[in-house]
Amino acid sequence: MSTPSIPMPSTGPAAVEKEDRTFYATQWQLIWWKFRKHKLAVVSSVLLVLLYLSAIVADFVAPYGAQQRFEGQQQQPPTVIYWMHKGSFYGPHVYPTKRKSDPKTFKFIFMPDESKPMPIRFFVRGEPYQMLGLIKSDIHLIGTGNEKGAPPLFLFGTDRLGRDIFSRSFFASRISLSIPFLGIILTFIIGLTLGGISGYFGGILDEIIQRIIDFIQSVPTIPLWIALASALPREWSTEKTFLAITVILSIVGWTGLARVTRGKLLQLREEDYTLAAQCAGASEARIIFRHLLPGFTSHLIVSLTNAVPASILGETALSFIGLGMQPPAVSWGVLLQDAQNLVAIAQQPWLMIPSLFVILTGLLFSFIGDGLRDAADPYTR
Amino acid sequence: MNSSSQKSRRVISFYAVSMMAAMTLLLSACGQPQVVEKIVEKEVKVEVTKEVEKVVEKVVEKEVIKEVEKKVEVIVTATPAVVKPAFEKLQEAPMLAEKVKAGALPPVDQRVPKDPFIVGPGVIVADMDLPDWQPGKYGGTLRSAHSSANWSPDFFVMDNEGLLMAPGISTEGVRGNVLKDFKVSEDGKTIMFALREGMKWSDGTPVTTEDVRFTYEDMLKNPELFKSFPARWKTGAKPDGQEPTIKIIDLFNFEMSYPEAYGGILRQFTIESWVGYTEWLNPAHYLKQFHKKYADPAKLEALLKEAKLKPDEWPALFNQKRCQNWDVNQPRCIGYPSLYPWLLASSDNSQLSFERNPYYWKVDTQGQQLPYIDRLVSAQVQDVEAVNLKVLAGEVDFLRESTALVKVPLYKENEDKAGFNVVLLDMHVDSSALFLNQTFTNTEQAADWAKYSQDVKFRKALSMAINRPEIIDTIYFGFAALPLKDVGEESSKYDPDAANKLLDEIGLTNKDAEGMRLGSDGKPFTILLEHGAHAPDLAPIAEIVGEDMKKVGINMQVKKIDPTLWGTRRGNNDLEATMFWTHDQGWGGGVGFNEALGSAGTAWDQYYNSQGKAGVQPPDWLMKGYELKAAWWTAVPGSPEWQKATEDGHAWQRDNLPIIKIVEGVKYPMIASKKLGNVAKSGFAIGLNFAGEQLFFK
């Protein structure tokens with residue numbers, strides 16, 4: 001352990017004022033000031049907030065519904081956006097396409113009809129929706145409008161059933177970003193509480209909790225997952241089943257965190273300031289949460305920011321192998337199920353675009369975690 | 001183009017006259033087709049009458065039993081007459097000729113029966129499906145791939161042999177295969193069968209009626225081996241049908257008689273539903289050593305001990321030692337006496353290899369002993385996608401089971417590079433169907449479910465709510481048709497308005513805010529559709545159907561479940577609705593009866609099969625279906641009664657919609673190396689797969 005370096009006052013009144021501020025600031029203020037300096041983390045936070053926002057207002061962001069099928073537009077590559085019409089500038093627009101089957105290659109070819117340009121506009125009227133069951137509207141962020149014969153806009157192309165992958169990606173993020181996050185929060189609450197009790201009090205309580213952890217850790221997850229998936233009520237929708245499984249899994253998944261918390265607390269409870277708090281008559285809960293936990297916030301942040309993308313990936317992976325979400329539910333994993341075959345790889349690569357969302361989310365969480373860790377660690381400057 | 005169509009017309013007319021006679025003459029008569037046709041007609045008449053006379057004489061001379069004598073006089077032949085082969089001398093593959101030279105094998109004329117099965121144009125695959133059949137040449141290794149351990153579905157089909165056969169595994173033109181010939185008495189109760197004299201098991205032991213007797217008396221009729229006589233061999237293919245009696249006439253002739261007519265037995269003897277010769281013909285000389293009645297008690301005891309079985313468990317040992325047609329891929333069956341074109345030679349985790357059977361009993365029109373191809377090798381890979389990767393890499397010469405329509409553009413792109421052709425043939429299990437289990441009770445809305453699902457109007461409404469043209473376009477790329485035969489024009493039309501009207505009519509009128517129709521408990525009337533995604537088209541169709549149902553206010557929940565769980569729930573009458581494939585006409589129970597009867601209500605089916613001991617008594621309309629199925633099985637395939645029974649079966653399905661078929665006539669892509677000859681151009685994909693012995697490398 002390195003000794004905390006005490007900031008040496010520098011010369012000049014401005015500098016003194018700044019140092020004063022550092023001396024009197026709360027821990028969270030310190031973290032915030034430091035975090036602000038980490039540009040990548042700040043940008044990532046903004047993007048992540050946008051991503052979550054777009055998931056909440058997916059009905060608005062997506063041009064079409066998640067289950068809306070376009071007949072005759074199946075397996076269409078991403079729509080080509082044109083800028084020039086008949087040799088002159090027209091603005092971004094698309095042309096209606098006609099699907100034909102090539103008798104030789106058996107592939108679908110989409111022939112654009114270049115006589116009817118359709119501009120791409122913002123805030124267009126389209127499929128009516130009821131956002132989160134509250135707001136009724138039919139305004140979509142982007143699209144070509146709902147006039148008759150308007151060629152649809154498929155920014156990421158369409159899948160086998162003729163559904164817009166761009167729209168589906170945003171609807172999928174609702175499930176993919178929320179359910180794993182919920183699971184992680186539950187894991188943290190249980191893990192910190194039980195790990196804290198175990199580490200702080202020790203003795204027989206510690207023994208019992210640790211043996212429970214041993215038992216839970218020895219249960220393999222995938223068979224458990226399969227068993228749970230078939231044990232839950234059948235009439236539940238896939239989303240509900242998945243939520244239930246996530247909750248149950250986080251109830252059994254807190255063990256790793258509890259172990260780490262216990263170890264840290266065993267160490268920190270011997271520190272002088274703990275003794276001081278005890279002498280001052282602080283309650284046990286106050287000592288754990290007020291004095292001991294902040295001592296390893298940086299560690300917690302790192303595991304939190306790692307756990308969220310791991311959990312999102314976990315959902316994607318489980319859905320990918322057919323254990324998690326299943327169609328007609330929409331999640332990133334479900335979207336990527338369509339991409340796990342030779343045809344997708346060789347001839348319909350746009351089916352893999354949703355994987356970019358998974359990668360992006362993972363990266364954003366990592367960058368934010370990196371920034372937070374640096375900011376929260378009391379031993380670095 | 002023109003000349004080839006002329007050619008095929010010519011060949012079809014041959015076929016109409018007589019396949020076998022045409023075959024003998026075709027080679028000598030190439031180039032003067034018109035003359036040939038006349039000769040053929042003449043020849044056939046002579047040959048047929050001669051044959052019938054011969055048989056009558058033979059039987060009368062031997063004076064077997066008076067009854068038989070009477071029957072023989074009214075016998076009708078259903079097979080083309082057997083003619084003498086046109087070739088002078090039998091020929092064999094070079095690899096076998098070497099073994100003969102080395103003294104390891106007897107010469108070819110001692111291995112092939114006196115009257116072998118002669119393969120020519122239109123014999124294994126109908127003329128119209130393979131108009132340019134040609135004699136092949138020896139050699140080569142046919143490569144394939146599979147994804148489950150010790151199970152190469154393609155080589156199983158290729159190897160399997162039935163007692164009788166029909167070209168292209170179709171419904172008509174049943175003729176001898178392992179059995180040389182058969183004759184049905186006019187009353188349809190008695191069938192005479194003849195074995196091929198000189199036919200040998202793959203270990204060189206002759207095949208005789210002792211093998212049939214052993215199978216019948218000591219296996220099928222032995223309660224320790226077979227708890228009950230298989231329903232397939234009872235009249236009408238019913239569990240409560242009548243059993244046959246077998247009479248052995250001499251070494252190569254036997255007779256099967258039923259107390260009532262059972263014309264469908266001929267179909268049962270063909271390859272349909274993959275029934276192989278092992279159902280009625282087993283190597284007695286080999287199996288007797290494991291049969292309590294014949295085995296030396298001391299030796300049997302030792303064998304049982306070795307297999308770690310109790311002294312009274314000889315049936316278990318017997319079944320472990322016996323290889324059925326299903327077992328051709330099993331390593332334990334290496335060296336087992338059999339009659340297949342290729343025999344499993346070695347099997348390890350990565351590949352199955354087969355080698356030609358030196359005692360195979362089919363020859364071509366030039367006297368070449370079949371098969372042409374020396375070896376079959378199938379590599380085991382991780383999954384179906386990996387099988388297809390091997391196709392794209394040009395490492396597969398033949399593939400059926402693991403292909404998919406959705407991959408056709410991918411195959412096409414790699415056709416030339418990898419050296420194969422994609423052949424689009426017909427699928428025998430083509431009709432994906434929506435099964436509504438009308439006897440399902442495990443739901444809070446059980447009373448509603450029974451009331452509505454058992455109403456044919458409800459089923460019709462659901463059928464009309466399905467957007468079939470979209471499914472055909474999206475899932476089958478246009479290579480499928482509306483199910484006009486079994487659903488009918490009216491019910492297979494996409495008409496949500498008519499569907500809504502029907503649903504209103506039967507009382508599902510109350511709707512919630514989202515437009516979902518409500519059950520009597522005030523909650524949305526919900527149908528839980530659980531499927532096991534057994535085939536690649538089932539999951540997306542289920543998804544589309546689920547969405548289509550919501551459009552007419554039926555809240556259909558679509559879920560994919562584990563196939564094993566699916567099987568358990570289905571057996572326990574615990575599936576409300578599902579999506580599964582059904583069989584094409586004539587395959588697997590005829591007119592798709594098996595699925596239609598078995599899946600309308602699981603408890604009804606249990607009642608029928610247990611003869612009332614379990615399940616729930618089926619309604620009258622379903623019992624009518626069982627009667628129609630029995631009538632179909634009773635008629636002789638191809639006869640006018642049979643045609644009528646077939647049409648009645650379709651009409652019954654259209655009127656009652658026991659299951660809701662989605663499509664019919666689905667195409668199936670197959671992969672065949674560009675170097676392969678005698679590859680069919682149309683017909684069932686399994687028909688081409690089945691005709692492996694006539695494939696050759698050009």
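How much area do chain B and chain A bury between them? In this predicted model, chain B and chain A bury about 2,900 Å² between them, and 53% of that area lies on carbon and sulfur atoms. Over all chains, the count of salt bridges comes to 50.

**The interface between chain B and chain A**

- The contact involves 38 residues of chain B and 31 residues of chain A.
- Of the area that chain B buries against chain A, 18% is supplied by B:Leu410, B:Glu543 and B:Lys559, more than by any other three residues.
- Five salt bridges are counted between chain B and chain A.
- One of the salt bridges joins the side chains of B:Glu413 and A:Lys107, with an N to O distance of 3.0 Å.
- Polar contacts between chain B and chain A amount to 11 residue pairs, counted with both residues at pLDDT 80 or more.
- Several elements of chain B each supply at least two residues of the side that touches chain A, among them helix H13 (384-392), helix H14 (408-418), strand E17 (526-531) and helix H20 (538-551).
- H20(B) provides the largest share of the side of chain B that touches chain A, namely six residues.

**Salt bridges within chain B**

- Side chains of opposite charge can pair when their charged atoms come close.
- B:Asp181 and B:Lys183 form a salt bridge in which the closest N and O atoms are 2.9 Å apart; both B:Asp181 and B:Lys183 are buried.
- In another salt bridge, B:Glu210 pairs with B:Arg213, and the closest N and O atoms are 2.9 Å apart.
- B:Glu210 and B:Arg213 are separated by about one helical turn because they stand three residues apart in helix H8 (residues 209-220) of chain B.
- B:Glu210 counts as partly exposed because its relative accessibility is 26%, whereas B:Arg213 is buried, with a relative accessible area of 17%.
- B:Lys293 forms a salt bridge with B:Asp218, and the closest N and O atoms of this pair are 2.8 Å apart.
- This pair links distant parts of the chain, 75 residues apart: B:Lys293 belongs to the loop between helix H10 (284-287) and helix H11 (297-306) of chain B, and B:Asp218 belongs to helix H8 of chain B.
- Through salt bridges that share partners, B:Glu210, B:Arg213, B:Glu217, B:Asp218, B:Lys288 and B:Lys293 are joined into one network.

- The buried residues in H13(B) include B:Glu385, B:Ala386, B:Val387, B:Asn388, B:Val391 and B:Leu392.
- The cover over the buried residues of H13(B) includes elements of both chains: helix H14 (342-347) of chain A, together with E3, strand E14 (398-399), H14, strand E15 (420-426) and strand E21 (667-673) of chain B.
- Just after H13(B), B:Gly394 takes a positive phi of about 75°.
- B:Ala145 lies in strand E3 (residues 141-146) of chain B, and B:Ala145 counts as buried because its relative accessibility is 3%.
- Leaving aside residues up to four places away in sequence, B:Ala145 touches B:Ser378, B:Ala379, B:Val387, B:Lys390, B:Val396 and B:Leu399.
- The C-alpha atoms of B:Ala145 and B:Arg232 are separated by 33 Å, and these residues are 87 residues apart along the chain.

**Selected features of chain A**

- A nonpolar patch on the surface of chain A has about 940 Å² of accessible area together; its residues include A:Val43, A:Val46, A:Leu50, A:Leu132 and A:Ile135.
- Helix H3 (residues 39-56) of chain A gives the most to the nonpolar patch, with seven residues.
- A:Val49 is found in helix H3 of chain A and counts as exposed because its relative accessibility is 51%.
- A:Asp138 is placed in strand E7 (residues 135-143) of chain A.
- The side chains of A:Asp138 and A:Arg125 are joined by a polar contact of 2.6 Å.
- Apart from residues up to four places away in sequence, the residues that A:Asp138 touches include A:Val124, A:Arg125, A:Gly126 and A:Tyr129.

Key: Residues are numbered from 1 along each chain as its sequence is written. Chains are lettered from A and ligands numbered from 1 in the order in which they are written. This is a predicted model: local features need pLDDT of at least 70, side-chain atom pairs count only at pLDDT 80 or more; totals for chains, interfaces and linings use all residues. Side-chain values use heavy atoms; hydrogens and water are left out. A salt bridge is a side-chain nitrogen of Lys or Arg within 4 Å of a carboxyl oxygen of Asp or Glu. Buried means under 20% relative accessible area, exposed over 50%, partly exposed in between (1.4 Å probe, protein chains only). Helices (H or I, at least four residues) and strands (E, at least two) are DSSP runs, numbered from the N terminus. Patches are made of residues with over 30% relative accessible area and no salt bridge: like charges are joined within 9 Å, nonpolar side chains (Val, Leu, Ile, Met, Phe, Trp, Tyr) within 5 Å. Accessible areas come from the Shrake-Rupley method with a 1.4 Å probe; for residues, only the protein chains shown count as cover. Contact means heavy atoms within 4.5 Å. Buried area is the accessible area (1.4 Å probe) that two parts lose on being put together, summed over both. A polar contact is a pair of N or O atoms within 3.5 Å; within protein, one must be able to donate a hydrogen and the other to accept it, and residues adjacent in sequence count only if both atoms are side-chain atoms.
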